[in-house]
Amino acid sequence: MTVIVDLNLCQSHGQCVYAAPEVFAFDEEENLTYQPEPPESQHDRVRAAVAACPVRAILVSEP
Ligand code: SF4
């Protein structure tokens, strides 16, 4: 699984951080950071984050 967040769309509301806190986080300046290749154990949470993002900024590709 590969994750890309369109940071131009992201409005930093944090639903993804709530859904998958081991993959998505905010840095000290409130910018979103994330793991681009999260481990298998996180994939369901990442899918939940995709569904939760109100601006559909999270793109996931799965082989
Ligand atoms: S849920 Fe979407 S808009 Fe909110 S912080 Fe995550 S990527 Fe950004």
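Accessible areas were computed by the Shrake-Rupley method with a 1.4 Å probe, and for residues only the protein chains shown count as cover. On this basis the protein exposes about 4200 Å², of which carbon and sulfur atoms supply 50%. The structure is a predicted model, in which local features need pLDDT of at least 70 and side-chain atom pairs count only at pLDDT 80 or more, whereas totals for chains, interfaces and linings use all residues. Residues are numbered from 1 along each chain as its sequence is written, and side-chain values use heavy atoms, with hydrogens and water left out.

The secondary structure comprises two helices and four strands, where helices (H or I, at least four residues) and strands (E, at least two) are DSSP runs numbered from the N terminus. Along the sequence these elements follow the pattern β-α-β-β-α-β. The radius of gyration, taken over C-alpha atoms, is 10 Å, close to the 11 Å that the globule rule (2.2 Å times the number of residues to the power 0.38) gives for 63 residues, so the protein is as compact as a globular protein of that length.

Leaving aside neighbours within four places in sequence, Val3 is in contact (heavy atoms within 4.5 Å) with residues including Phe24, Tyr34, Val46 and Ile58.

Side chains of opposite charge can pair when their charged atoms come close. The structure holds two salt bridges, each being a side-chain nitrogen of Lys or Arg within 4 Å of a carboxyl oxygen of Asp or Glu. Asp44 is bridged to Arg47, with the closest N and O atoms 2.7 Å apart, and these residues, three apart in helix 2, are separated by about one helical turn. Arg47 also forms a salt bridge with Glu62, again with the closest N and O atoms 2.7 Å apart; this pair links distant parts of the chain, Glu62 lying in the segment after strand 4 (58-61). Asp44 is exposed at 58% relative accessibility, while Arg47 is partly exposed at 35%.

Technical notes:
Buried < 20%, exposed > 50% of the residue type's maximum accessible area, 1.4 Å probe, protein only.
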